[in-house]
Structures are given as C-alpha cells and as structure tokens.
Amino acid sequence: MQKKDTSIFKAAWTYDEAPESTDHIQIKKKYELFIDGKFTKPIKGNYFDTINPATNKVIASVAEATTEDVDVAVKAARKAFGSWSKLSGKERGKYIFRIARLIQERAREFAVIESLDGGKPIRESRDIDIPLAANHFFYYAGWADKLEYAFPNRTPKPLGVAGQIIPWNFPLLMAAWKIAPALATGNTVVLKPAETTPLTALKLAEIIQESGLPKGVVNIVTGAGETGASIVNHPDINKIAFTGSTGVGKYIQKAIAGTQKKLTLELGGKGANIIFEDAAIDQAVEGIVNAIFFNQGHVCCAGSRLFVQESVADLVIQKLKDRMETLIVGNPLDKNTDIGAINSKKQLQTIENYIKIGVNEGGEIYQPKCNFPKEGNWCEPTLFINVSQSHRIVQEEIFGPVLAIQTFRTIDEVIEKANNTPYGLSAGVWTQNGSKIFHLTQKLEAGVIWANTFNKFDPASPFGGYKESGFGREGGLHGLKPYLKFE
C-alpha cells in the first residue's frame, strides 16, 4: 500500500477541535409509530435500537412496525385522503409552507440529529441536507395551487395513498423528496425511513403534528425490510416510491407486477466523472473529492469512476493524492471533519471487502494516513489506479469512499467506457469547451449530468436514472407527475 509523507500539508498547522453542541437537541429514549396524527405503540410491542455510527452507542429505541401496524397506517391514510384531496391547492400549500418554515426554525437541531444518527459531517448536514429538505417543501408548496398550469389542457387528479420507502444516506432530504410532492398533489402518505436512520423522520413527524396538518395525511412507520415489504404488498396503496438498492428495486417491481400500483424507483449508480486535458485542473480535483468523498461516498450518484485524459493523468492523480492528505476523517460533529463515520458496521464490512477485492484483482491502492477515533465505523478515503473495465470495483456499486481511476485518449473512447455499466444515474464532465459538454450530454447514458461541478442539487431540477438506476423523476415539475393521474 502506497503511503506518502504528509508533513508539507499537516506540519504547518493543526485544527483545534470544533464540536457542535448537542445541548439544544431533544431526543426521546423511545419512539413510537406516527399514525393518524399521533404517536402510537406498535401492536406487537417490538422495538429496535438506532446506533450512533461514530461511537457504536445506542441513541434511542424505535418501534418496529409489523404488517398489522402498516395496515392501520394505510387505513388512516385512506380515510384522510377523502378530505385532503378535496382541499383546495391554496389550503394544501399553506400546510406545506408551514412544515418548511418549521424545518428552518429547527434546522440546527435537525442537523445535529442527522449527523448523530447517520454519521455524516455536521457541515454537510447543516449546509446541505437540512436546507435542501426545507427548500423541497417550499418548492412544492408553491405548486400546490398551480397544477392546472403545470399540466395545461389536462385535468390532474391525485392517485390516493402513496407508500414511500427511503434510504439511510440522506434521511430527512429523502423524506422531503417523497412527502412534499405527494402532499402538493393531494395524496396521503405512509412513509418508512431506513432502520439505521429513523430519527430525523420521527422528528419531522413532531413538526407535522405542530403544523396542524390533518391527521392521517402523513403516517410514518419504522422498521426494516419486512415493514417495507408490508407497504409494497398492501392492496390499498396506489403508488410506491422507493429509493435504495437495485436488488430491492427489482423485488418491488416484481411484487407489484399485475397490479394497478404506480411505481417510481431511484436505485444504485456507478457515476462516471470525466476530466479532459483542457479542464481547470485544480477546480476539477476539488470536484473529484466532492464527487466521491461527500457523505463518505454514501451517495447513489457518486462519481465513483474517474476517467482522466491521458495527457494530464499523472498531474491530476498527484494533485488528488495531495488533496486527500488534507482530508480530516473523524467525529461527525466536529466542524473541521471532511469525512464522517460509515453508516453501519455492515456497510463498513461491505466497503472493506471491496477494497480487498480491488487489491486482489491487481489494482494499485492509495490511502492517506488517518488517525481514527478508537470507537466507531471508519474508512480511509481510497483510490485505485491501474484498473480496467472488468474489475469488480469498476463495475459494482460500493457505496463508500472508494474511487477507481482509468485513463482515456479520445472522446469516443471515454463515452464507450463511461456507458459500459448496468447503471445510468449520473455523470460529470470537466472541460472549458462548451460544445464538448453538449456533445457528451447527448451521448452519456445518465439521468443527471453535471458540467464543471458535481453533486449539486436543486428542488426545481428533476433527478432520476436509466437502466438499472431506476425510472421516474423526483424534483422539479417532473416530480409532480408520478403522483397524478389525468382525466
């Protein structure tokens, strides 16, 4: 394993710890299910622990919903649908605006809880996750009374009850992506957050109560895979929205085949990040770091495959290694931290297995020296060079801070390499040539393509993939359509 003298980067100064306070947050020792506007105990009385991945200590005990609990939640949502769908768009919008404002008011608490429960750096929770979540509610609140303008000469109608299942990498943001457009279009919701990161969804339930949203419009049931399966298989749900792994997405697609349920899937990815010789190299290196090490690489659209034009490959790789030496891995609540804790022991094991696979397949590994805390789930930012298209670390989603680097000579070559994957979620292009950017956006098989940036999101911009990365779009005007039928 190649190591490097880091003295030129770290000897000049060190950062004092700058931990975010936790005194202002309120976390209960035990959380119940949120059904029909109130917190209710699970029918079978089962609970599970949610763990702080930076310490491996229990944060809270959370109710585990069974099929019976899901049925109660769906019935509450169905009952609420009658009045909610008849409410004017203007009135629905008021409730959604109120939720957005309440998220803003308690943004600091949300950010700390997100970092405690999920392991992501507080800077990311504070500056990205929570503001984006609030902005999605603001954005869709604005559409609630304008659906006839969004779809002219058509009569949009809500579907009914939406079953929504979200992942652990962006817990509150994914809840906002799902809930906000569903409410704006007049649907009611049964949402299941991931079992490893349920706390901000349950904090959102408290805000929903405070907002005065009519009971039963949003129901939040916690649990693992069986709870999600109960939502998918429930006969009185009209729409399934799922964000997660491709394997589970395929299961859901098979499970609802032959039914009238509508479906959107946002699944895995293996994004290509392409650096041309005419790119602004220093800017591109920062873009590479953001593309793969943001949120510990727990990003479905991460730029986990880097393609660098051969003429500048040595320069880019050296600058990237130098930049990696400055990254701080550690306490997610420290404002200096760049890379936080891996979300769970299970995910850490998966990442470590892939790193071993990369080494065994002949890839050349590079990892900077990191001083990890004694407890918790930690992984060095990692890159591999001398890999090919056939390497598993190039083809398979790792969902961690692991980057595979290849070189290319021509535009046609990099397009062929970039598209040689079963996934089609994201890509990035770095060049100062505008026509080259437009050419690649036509040729790359990806739902989202960034130019001279990466991992930038906006509520007004649709997001989604092709091939095994799923179908349907969330965000923007496109995000309304999956929750509507037209008469």
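Let me start with strand β8, where L191 is the bridge partner of Q164, a residue of strand β7; the two strands, β7 at residues 161-165 and β8 at residues 188-192, pair in the parallel sense over five bridges. Two strands are said to pair if DSSP finds at least two bridges between them, and strands (E, at least two residues) and helices (H or I, at least four residues) are DSSP runs, numbered from the N terminus. What I am showing is a predicted model, in which local features need pLDDT of at least 70 and side-chain atom pairs count only at pLDDT 80 or more, while totals for chains, interfaces and linings use all residues. Residues are numbered from 1 along each chain as its sequence is written, and side-chain values use heavy atoms, with hydrogens and water left out.

On confidence, pLDDT being the predictor's confidence in each residue from 0 to 100, the chain has a mean of 96, and 97% of its residues reach 70 or more. Over residues 1-7, however, the pLDDT is below 50, and this stretch has 17 contacts in the model beyond near neighbours in sequence, a contact meaning heavy atoms within 4.5 Å.

Going back to β7, five of its five residues are buried, which is to say under 20% relative accessible area, where exposed is over 50% and partly exposed lies in between (1.4 Å probe, protein chains only). V161, G163 and I165 point one way from the strand, and A162 and Q164 point the other way. In the loop between β6 and β7 we find L159, which counts as buried because its relative accessibility is 12%. Leaving aside neighbours within four places in sequence, the contacts of L159 include F81, N187, N238 and Y483.

β14 and β15 run antiparallel and are joined by three bridges, and I365 has F384 in β15 as its bridge partner.

Finally, the rings: the structure holds 14 aromatic pairs, where rings of Phe, Tyr and Trp (its six-membered ring) pair if their centres lie within 6.5 Å, and planes under 30 degrees apart count as stacked, over 60 as edge-to-face and the rest as tilted. Y139 and Y140 are edge-to-face because their planes stand at 85°, with the ring centres 5.0 Å apart. Of these, Y139 is partly exposed at 22%, whereas Y140 is buried at 0% relative accessibility. W177, W450, F454, F457 and F463 form one aromatic cluster. The charged end of K436 sits over the ring of F276, 4.5 Å from its centre, the criterion being NZ of Lys or CZ of Arg within 6 Å of the ring centre and within 35 degrees of the ring normal.
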